[in-house]
Amino acid sequence: MGTFFNRYTLLNQYGISSNTNKATQWLDPDADYKLHKLGDGLLRKYEHFLGPIRSKRQLRILELGAGPDNNIGASMRCWKNYFSADAELHVADIKESSLELANEGFHVHVCDLGSPEALASLAALEWDFILDDASHFWSHQKLAFQHLFGSIKSGGIYIIEDLCTSFGSYTASYNPSNESIDAATYFFALSRRAMAPWCPLEDINKGAVVQLSESENALALQLDMISIMENSCIMIKR
């Protein structure tokens, strides 16, 4: 367990109380609510980035994926507790059961997040914070990023969780489209462009495994910062 992020406790406390597995501990509904302790968790690290926008008024937040039916909406309740009362909280999921979250004041979008048309509809709004915790298919994660990052406001934050599914034994289940480039390789290519935006693209990509398309190059130039951590990638919009 690291120590740098131990200073951040508030978001993690809300995560524990809402029983999201992003927190340092949670009760597993698939195992008779057995207590799992998850080391640093994710929320302590997220708070480092989300803390500065927490007090902003009228934030618009989108989470891709509502969670399994036996723990649906757990992280949405965490965001509701953490952000200001006037934050507009949206969730998108393919399951009709996610509609029940509308009873708690959340804006629910029932759609296929592997569909460019559905993602284009979500991109019609501007967002302060988007978190992708949906299918975990690498092809879906990349597609959502390509469609939605441009709709993030300046200074806004985009997080993709569980990128580990593009590696090793996970790929049989989570890479059905047989994507040849894993998440680390892809986001490293974007980070090279973000690191030297003044450099011609052909020089940036010299010898690289990934050649960025024109649209991907445009996205990379919108990156103010990209940070890689265990399981996740965090990006801030210029």
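Biologist: Which helix gives the most to the lining of the largest cavity?

Modeller: In this predicted model, that is helix α5, residues 138-148, which contributes three residues to the lining of the largest cavity.

Biologist: What lines that cavity overall, and how much space lies in it?

Modeller: The lining consists of L64, L113, D132, A134, S135, H136, H140, Q141 and A144, and by class these residues divide into four nonpolar, four polar and one charged. The space in the largest cavity comes to about 40 Å³, and a search of the whole structure finds one cavity of 30 Å³ or more.

Biologist: Back to α5 for a second, is it mostly covered or mostly open?

Modeller: Helix α5 is mostly covered, with eight of its 11 residues buried. Those buried residues are W138, S139, Q141, K142, L143, A144, F145 and L148, and two of them, Q141 and A144, also belong to the lining of the largest cavity.

Biologist: OK, new topic: how many strands are in the sheet, and in what order?

Modeller: The sheet is open and has seven strands, which follow the order β5-β4-β3-β6-β7-β9-β8 with mixed pairing. At its edges lie β5, residues 107-110, and β8, residues 223-229, each of which pairs on one side only. From one strand to the next, the twist averages 15°.

Biologist: In what sense do β6 and β7 pair, parallel or antiparallel?

Modeller: Strand β6, residues 127-132, and strand β7, residues 152-160, pair in the parallel sense over five bridges. One of the residues involved is W127, whose bridge partner in β7 is I152.

Biologist: And which helices sit against the sheet?

Modeller: Among them is α3, which packs on the sheet and touches β3 (60-64), β4 (88-93) and β6, its direction making about 170° with that of β4. Another is α7, residues 183-195, which lies across β7, β8 and β9 (232-237) and runs at about 145° to β8.

Biologist: I was looking at H90; where is it, and is it buried or exposed?

Modeller: H90 has its place in strand β4, and with a relative accessible area of 4% it counts as buried, because the cut-off for that label is under 20%.

Biologist: What is H90 in contact with, beyond its neighbours in sequence?

Modeller: Leaving aside the residues within four places of it in sequence, H90 is in contact with R60, I61, L62, E63, M76, H107, H109, L125 and W127. As for I130, which is 40 residues away along the chain, its C-alpha atom is separated from that of H90 by 9.4 Å.

Biologist: Let's talk pockets, then: what is the volume of the largest one, and which residues lie nearest its centre?

Modeller: The largest pocket holds about 730 Å³ of space. Its lining is made up of 33 residues, of which N21, K22, D133, E161 and D162 lie nearest the centre. The elements that give two or more residues to this lining are β1 (25-28) and α3 (74-82).

Biologist: How do those lining residues divide by class?

Modeller: The lining of the largest pocket divides into 12 nonpolar, 12 polar and nine charged residues.

Biologist: What about the second largest pocket, how many residues line it?

Modeller: The second largest pocket is lined by 15 residues, with D93, I94, L113, A134 and S135 lying nearest its centre, and its volume is about 170 Å³. By class, this lining has six nonpolar, five polar and four charged residues. L113, A134 and S135 are also listed in the lining of the largest cavity.

Technical notes
Residues are numbered from 1 along each chain as its sequence is written. This is a predicted model: local features need pLDDT of at least 70, side-chain atom pairs count only at pLDDT 80 or more; totals for chains, interfaces and linings use all residues. Side-chain values use heavy atoms; hydrogens and water are left out. On a 1 Å grid over the protein atoms alone, a cavity is a set of points where a 1.4 Å probe fits but cannot get out, and a pocket is an open set with protein on both sides within 12 Å along at least five of seven lines; lining residues have an atom within 4 Å of a point. Grid points are joined across faces, edges and corners, and a volume is the space filled by probe spheres set on the points. Helices (H or I, at least four residues) and strands (E, at least two) are DSSP runs, numbered from the N terminus. Ala, Val, Leu, Ile, Met, Phe, Trp, Tyr, Cys and Pro count as nonpolar, Asp, Glu, Lys and Arg as charged, and the others, Gly among them, as polar. Two strands pair if DSSP finds at least two bridges between them. Axes are lines fitted to C-alpha atoms, for helices over the stretch in contact, and angles run from 0 to 180 degrees between N-to-C directions. Contact means heavy atoms within 4.5 Å. Buried means under 20% relative accessible area, exposed over 50%, partly exposed in between (1.4 Å probe, protein chains only).
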